Amino acid sequence: MTSSRNNILITAVFGATWVAALGFGARTLFKYETTPGIVGHITSTWPDGSVVPRQTDKPTLLMLAHPHCPCTRASIGELAQVMAHAAGKVNAFVLFVKPLSTGADWDDTDLRRSAAAIPGVTVLTDEKGTEAAKFGAETSGHTLVFDREGTLVFSGGITASRGHAGDNPGESAVLAALLGETTAQSRTPVFGCSLQQRNSATEPVLCLK
């Protein structure tokens, strides 16, 4: 009888521990997915000396990205949706940072190829993260929209959380800006990996730093 009670007690303790572990894991995952990256000091006008060929016939969309950031895959997917609705109404670029002392194919990733496959998007290499620094972006997936005069009209992310695709305020605000519609939101959180390591090829990509 005592042995049976002990077994029941052990099972109950084990079950409670397992449930607690699941709850802790779920909370940790939720916190990770909903914690935005650093926004940085974003320029309010198109920076002097940028190598990105801004044109004055239509707005310019710019996404700063890390080629090895898994979080940015969803951002690229949302960008494809934006471009499908705003075809011909925007000059769009995705800049992938490339640190010093990296091989020629270091940034030749599926993420980069996915961005290059989006109709209307031009993919460029951001050597040493120089362009990211000029625009002030610190987190992969940060999307900027400048009007035809070079004034910033949107800054933020186009996903609702880290790595999650689907309709979200950032995507809606970008589309409104490109289509000339009024939007009450011009800034949104950015969910992606840090671009802080852009000057080193040996440091790991950190999604929360």
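In the predicted model, the buried residues of helix H5 are covered by elements that include strand S1 (60-65), helix H2 (72-85), strand S4 (142-146) and strand S5 (152-156). Helix H5 itself spans residues 169-179, and its buried residues are Gly-170, Glu-171, Ala-173, Val-174, Leu-175, Ala-176 and Leu-178. In general, an α-helix has 3.6 residues a turn, so residues three or four places apart point the same way. At the start of H5, the backbone nitrogen of Gly-170 has a side-chain oxygen of Asn-168 within 3.1 Å. After the helix comes Gly-180, with a positive phi near 75°.

The protein chain as a whole contains five helices and five strands. Read from the N terminus, these elements follow the order α-β-α-β-α-β-α-β-β-α. Of the 209 residues in the chain, 44% are buried. When contacts between residues at least 6 apart in sequence are considered, 78% of them join residues at least 24 apart.

The five strands form an open sheet with mixed pairing, in the order S3-S2-S1-S4-S5. Strands S3 and S5 stand at the edges; each has a single partner strand, so one side of each is left without a neighbour in the sheet. From one strand to the next, the twist averages 20°. In general, the strands of a sheet pair through backbone hydrogen bonds, in either a parallel or an antiparallel manner. Strands S2 and S3 show the parallel sense, with seven bridges between them. Within this part of the sheet, Phe-93 has Thr-122 of S3 as its bridge partner.

Helix H2 packs on it and touches S1, S2 and S3, with a direction that makes about 165° with that of S1. Helix H5 lies across S1, S4 and S5, and runs at about 165° to S5.

Nonpolar side chains tend to be buried together in soluble globular proteins. In the present model, the largest nonpolar core has 24 residues, and those with the most contacts inside it are Leu-61, Leu-79, Val-94, Val-121, Val-174 and Leu-178. Two or more residues are given to this core by each of S1, H2, strand S2 (91-98), helix H3 (110-116), strand S3 (121-127) and H5. Apart from this core lies another, of 14 residues, which includes Ala-132, Phe-135, Ala-137 and Leu-195. The surroundings of Val-174 can also be listed: leaving aside residues up to four places away in sequence, Val-174 touches Leu-61, Val-82, Val-145, Phe-154 and Ile-158.

Aromatic residues were examined next. A pair of aromatic rings is described by the distance of the centres and the angle of the planes. The structure holds three aromatic pairs. One of them is formed by Trp-46 and Phe-146, whose rings are edge-to-face, at 5.0 Å centre to centre and with 75° between the planes. This pair links distant parts of the chain, 100 residues apart: Trp-46 belongs to the loop between helix H1 (2-34) and S1, whereas Phe-146 belongs to strand S4. Both partners fall under the 20% limit of relative accessible area that defines a buried residue. Trp-46 counts as buried because its relative accessibility is 14%, and Phe-146 counts as buried because its value is 0%.

Key. Residues numbered from 1 in each chain as written. Predicted model: local features only at pLDDT ≥ 70, side-chain atom pairs only at ≥ 80, totals over all residues. Heavy atoms only, no water. Buried < 20%, exposed > 50% of the residue type's maximum accessible area, 1.4 Å probe, protein only. Helix = DSSP H or I, 4+ residues; strand = E, 2+ residues; numbered from the N terminus. Contact = heavy atoms within 4.5 Å. Polar contact = N/O pair within 3.5 Å; in protein donor to acceptor, adjacent residues only side chain to side chain. Phe/Tyr/Trp six-rings, centres within 6.5 Å; stacked < 30°, edge-to-face > 60°. Core = buried A, V, L, I, M, F, W, Y, C linked by side-chain atoms within 4.5 Å. Pairing = 2+ DSSP bridges. Axes fitted to C-alpha atoms, helices over the stretch in contact; angles between N-to-C directions.
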